[in-house]
Amino acid sequence: MAMYAPKTILFHTLICLLLTVASQSKASLNSNYYHQTCPQAEKIILQMVYNAFMHDSKVPARILRMFFHDCFIRGCDASLLLDSTPGNQAEKDGPPNISVQSFYVIDDAKAKLEMACPRTVSCADIIGIAARDVVTMSGGPYWNVLKGRKDGRVSRANETINLPAPTFNVSQLIQSFAKRGLGVKELVALSGGHTLGFSHCSSFESRLRNFTSLHDVDPSMNNEFAQKLRKKCPKPNRDRTAGELLDSTSSTFDNDYYKQVVAGKGVFGSDQALFSDYRTRWIVESFAEDQSLFFKEFAASMVKLGNVGVIEDGEVRLNCRVVN
């Protein structure tokens, strides 16, 4: 049991932060939205996330990715949580989301909240709070989540084509983020979410062989790193689980991702592109040198992302997987 002591201490620290953090608001969203109707909401969500984290170290990366993928399609409305029906293929079954997992964490939190405060806390808010909690649990920053989102009723798999691809160049990334009201600084800061997690070979193997007519391997990639990845992702590759961690400290939220990109060891082409383009390179370098600056900008960017496409007059689902 002693091996879990640091996580236990961190859990109690998070509880204290929940109780003492100052209020802030934007538009109709408010950090104290559930103060009267469900004061224990964030504590319940934290407990469910913590329980999952204790049993599965992959949960933080999965929940953070869930938040990104939800907010980038139709805004932060929990449309990613809806199950497909005979007449509709939902977002979670779109190609980029097939590997999104750990929906059970949100389900468990929702079930507890429905017992404590029926018909009150939206699934969209649960994802936003859980994303903050997994970052903090992994050693990253804490921020005050603005709440009051409502849940969407539409979820279409074909709309997932609008998610940024791991092959995007910086111009494509800037355009994609701009459509959500996010600037270049937010683009680079939110890309730092790749400090947590893992990618299968399929998302980066195009960089390893027959890259162009002139280069077999992506020339922006560190040569030793490229050879390491070629061994992990052979052709043909019969291991569907093969892949690479997105930075060298993939279970800790830190600025190592940026250090890896500076060294030519970004896993995705879109990661390495941030260092190759003058518009983003200086931000990558500043985050690689100053982790506290990265934490500050990441937290601010997560708040801004959480305000994308907010539904204020929708519904609060009773079950996050189906509309009411």
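How many helices and strands does the protein have? In this predicted model, local features require a pLDDT of at least 70, side-chain atom pairs count only at pLDDT 80 or more, and totals for chains, interfaces and linings use all residues. Residues are numbered from 1 along each chain as its sequence is written, and side-chain values use heavy atoms, with hydrogens and water left out.

The protein contains 12 helices and four strands, where helices (H or I, at least four residues) and strands (E, at least two) are DSSP runs numbered from the N terminus. For its 324 residues, a compact globule would have a radius of gyration near 20 Å, and the value of 20 Å for the protein agrees; this radius is taken over C-alpha atoms, and the globule rule is 2.2 Å times the number of residues to the power 0.38. The C-alpha trace spans about 65 × 50 × 40 Å along its principal axes.

Of the 324 residues, 52% are buried, that is, under 20% relative accessible area (1.4 Å probe, protein chains only). Among contacts (heavy atoms within 4.5 Å) with a separation of 6 or more, 75% involve residues 24 or more positions apart.

Helix α3 covers residues 59-72, and its 14 residues should span 20 Å at 1.5 Å a residue; the end C-alpha atoms are 20 Å apart, which agrees. The expected span is 1.5 Å times one less than the number of residues. Because 13 of the 14 residues of α3 are buried, this helix is largely enclosed by the rest of the structure. Arg 74, which follows α3, has a positive phi near 65°.

Conventions. Buried < 20%, exposed > 50% of the residue type's maximum accessible area, 1.4 Å probe, protein only.
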